[in-house]
Amino acid sequence: MKVAEPLIKPVITAGAVQQKVTASLARRHRKERIFKGIGLAAVLASLALVLILFVNIFSKGLPAFWQSAITLDIYFDPQVINISEKPVQAANESDNAFRQRDIEWQTEVGFINFNRLITDSLTKVLPDASQHRRDLQRIVTSGERFALRDMVVQDTSIIGQTRTLHLLTDANIDVWLKGNIDRSLPDAMQQLSPKMREWVQLLSEQGLIQNRFSFALFMNADSRSSLASAGLAGAFMGSLYMMLVVIILAVPMGVAAAIYLEEFAPKNRFTDFVEVNINNLAAVPSIVFGLLGASVFIGWFNLPMSAPIVGGLVLSLMTLPTVIIATRSTLKAIPPSIRQAALGLGASKMQAIFHHVLPLAIPGILTGAILGVAQALGEAAPLLLIGMKSFVASVPGSPFDQSTALPVQIFLWQGNELRNFFEARTSAAIIVLLALMISLNALAIWLRKKYEKRW
Amino acid sequence: MSNISLIVLLLALMAIAYQVGMVRSRKVATINPGVRMHSRPQHYGMMVGLWAVLPAFFVLLIWAWFAPGVISTMVQASLPAELATLDSNEMRIVMRRISNLAANFGIVADAADWELVAAEYMKQLQHSSTMLLTALMATLASAGLVISFYKIQPQLRARHQVERVVKVLLVLCSTVAVLTTVGIVLSMVGETMKFFSFIKPSDFFFGTTWNPRFSTTGVGEGSLTGSQGSFGLLPLLSGTMLVALIALVVAIPLGLMVAIYLSEYAPAKFRATAKPVIEVLAGIPTIVYGFFALVTVGPFLTDLGAMLGLTIRATSALTAGVVMGIMIVPFISSLTDDIITQVPKTMRDGSLGLGATKSETILKVVLPAALPGIVGAVLLAASRAIGETMIVVLAAGNSPALTANPFEAVSTVTVTIVNQLTGDNDFASPQSLVAFALGLTLFVITLLLNVMALVIVRKYREQYE
């Protein structure tokens, strides 16, 4: 009897398979190592990019937090400051009339040559100052005369006295002292005249010009005439007002919408439509919201241009989907047993949600809201379209005043012609913005870590 | 009294009314011993609060909407007859002066007598309007309070009333998102239609030159025909696509490999630190990337190009694209990470059990299974890249030329929107209106990409659920 042959002959014998696998093993393992190496390289490259970005911005921006200032004894000379008495509102005087009188007095103060006070005091410390009047006037940045004026307006008794003040030097002096310009360049290419360079050298050797912490950066609004005293205060207040609007509008609305959609909405076409809508809105480019703001809020509702209220409204609409999505996922994560327990004890649906589900969701909701606000804080593009790109030299006193915002201020400063001064100042503004955003994010992470519950 | 102080007053009133309602309901409960109250005291309090505040609030809203218009019409009607010939712009200036006077802000130059009279009249009107409003609100509020106060009875279903109001509020809030979309579409379609009354749609969509020129004249008769430029979309669109493409070329491999390494290879500890650090990239404002591109990456690429014998402009499609790619990396990596971890473990085990190496399993089993999700992530990233503004405003060079050379400066749709709307153009000129046509185009493109991505991702999810 012959043994029946198997119907299907194995094409390769087991031994051959073994051989083939063994032969290819080294190659396959090498491929494995290469693949893993590429993955690791990608991760390291991304980490390196984060590092480069931060090191780059910080190394540029940190020096700008200190800026050169000159220490001078300013004599408030009564012969120069020759003004009438500061007006006081009389009992029978109307507001309008008093304001008129006050404005007239301030105009009078404005006409005083405060530069004289500065140059007089400089003449005492500088040799042959009288031959170089023009250079002399350029040492202290022009904004400081307004600081002197404000001192007089605030307290007229200062007239006749001498005060030791730290006045900001011109931006070009700061550039030169920090070495942000090549000192070997020929005179024609230097930002400072030879005489001024000589003086600055002298003054800094005497210790009169020193690098001091730049309060101007935080206390002043933007300035174009006196670049050294340009600051972030106006932009900061603008951003603050906008964030307030976002917190007042977007957060409660977003939470309410999320509660409705997650807990109450019937499963029907309309709900589906709203959901798709929100998901799409989250991915609409931010600049489109700016167009919406320009045509609806400014065009139809006649709200003022460049005002934080409009910026806040636009950013609120932009942040709304973020808050809704974050709140919904938090609500989703809360186990149904909580709701069922409340309902089982006789609570209404509204009571179950507002008394039992929502309190448990608050940490998650806060985290989402903070992240949304941080996102809104950094957004610049939509604000450009509603006029916040314009130059505003004052700190806004209300959400209806003209103002810029921190990211827009960065945009404006990076375009300034005095590049070697403003590159550092822009980086400093970026550091301020990043510091705000990082603290917001850290707050969100801390909240999540502290209150997070795994069900 | 300003509207804000009225709102604050209303809130205070609501708090008081709430207390009143609670106290009243407890009193009612003690008067009727043995009868159970339908709702809890808080509900009665809430009900009284709502009755007291809501009607008054609606009146305030309507008043705030209409009163300024009514007042200014009345003041205009009172102005001397010779002013009636002024056109709308001059009238607006006159009214601005008058309202400044009325608000005690003072004006430039001396005020004419009739201006002072008008301002006085306006002040009077404003005063009586506020008085009237306050009186009306007070009446409504007290009426609501009193009526609801006496309505409190054991059988009154206060909870139902309160909950109905709350639910209506919730529904209103959730429609805001829809209203936003409607607002976006309506406003942009409206302005785009106006734009198309100047420029033929075919010239816009298929034009190959972008040179809008400049317009300071408004929509005067024939004033625009002389200053009309060419509004071709194609150069902008090609610039947008070029930059987005470069960004994706940078971001897809990097993001994918980061996601694969972190989800499949990295030890838990490394993953726990590396992932949030990389995601920091997603949180950095785009203006910061723009500055980084302009000041650091651009010059670096130019130097690199010089070493290789290439001329790369410091602000070019390449600069903007590379930096945008860096920005998108965490976007792709975290989305892909989620999708990869969703692939069932059984598939991996099956492949590994058959003797495949880890990389073979990833490349031949996990990635094909995750492909639809990854495609969705890439589409979302692409829509992000196309709509990105600040990086390209600073780093793409703003030169609207039809080119495929990544080393050249380009301009994109978003950059042009910013340029056209922030210049000194009249708002009604085609030079400004084109921004809305561009915005609509951008909106439609990103919408399509998003919907496609959502559909793909949703389908993929169902597959493994």
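What follows is a short chat about the predicted model shown above.

Q: Before we start, what kind of model is this, and how are things numbered?
A: It's a predicted model: local features need pLDDT of at least 70, side-chain atom pairs count only at pLDDT 80 or more, and totals for chains, interfaces and linings use all residues. Residues are numbered from 1 along each chain as its sequence is written, while chains are lettered from A and ligands numbered from 1 in the order in which they are written.

Q: OK, what's the mean pLDDT of chain A?
A: It's 88, and 97% of the residues of chain A reach 70 or more. pLDDT is the predictor's confidence in each residue, from 0 to 100.

Q: How many bridges hold β1(A) to β2(A)?
A: Seven, between β1(A) and strand β2 (residues 162–168) of chain A. Strand β1 (residues 66–75) of chain A also has five bridges to strand β3 (residues 209–213) of chain A.

Q: What does Ala69(A) face in β2(A)?
A: Leu168(A) stands opposite Ala69(A) there. In β3(A), the bridge partner of Ala69(A) is Gln210(A).

Q: Now the interface: how many residues of chain A are in contact with chain B?
A: 70 residues of chain A, with 67 residues of chain B. Contact means C-beta atoms, placed from the backbone, within 7 Å.

Q: Which element of chain A gives the most to that side?
A: Helix α1 (residues 14–61) of chain A, with 18 residues.

Q: And chain B itself, what's its radius of gyration?
A: Chain B has 32 Å, whereas a compact globule of 465 residues would have a value near 23 Å. That's taken over C-alpha atoms, and the globule rule is 2.2 Å times the number of residues to the power 0.38.

Q: What spans does the C-alpha trace of chain B have?
A: About 85 × 80 × 40 Å along its principal axes.

Note on methods. Two residues are in contact if their C-beta atoms, placed from the backbone, lie within 7 Å. Helices (H or I, at least four residues) and strands (E, at least two) are DSSP runs, numbered from the N terminus. Two strands pair if DSSP finds at least two bridges between them.
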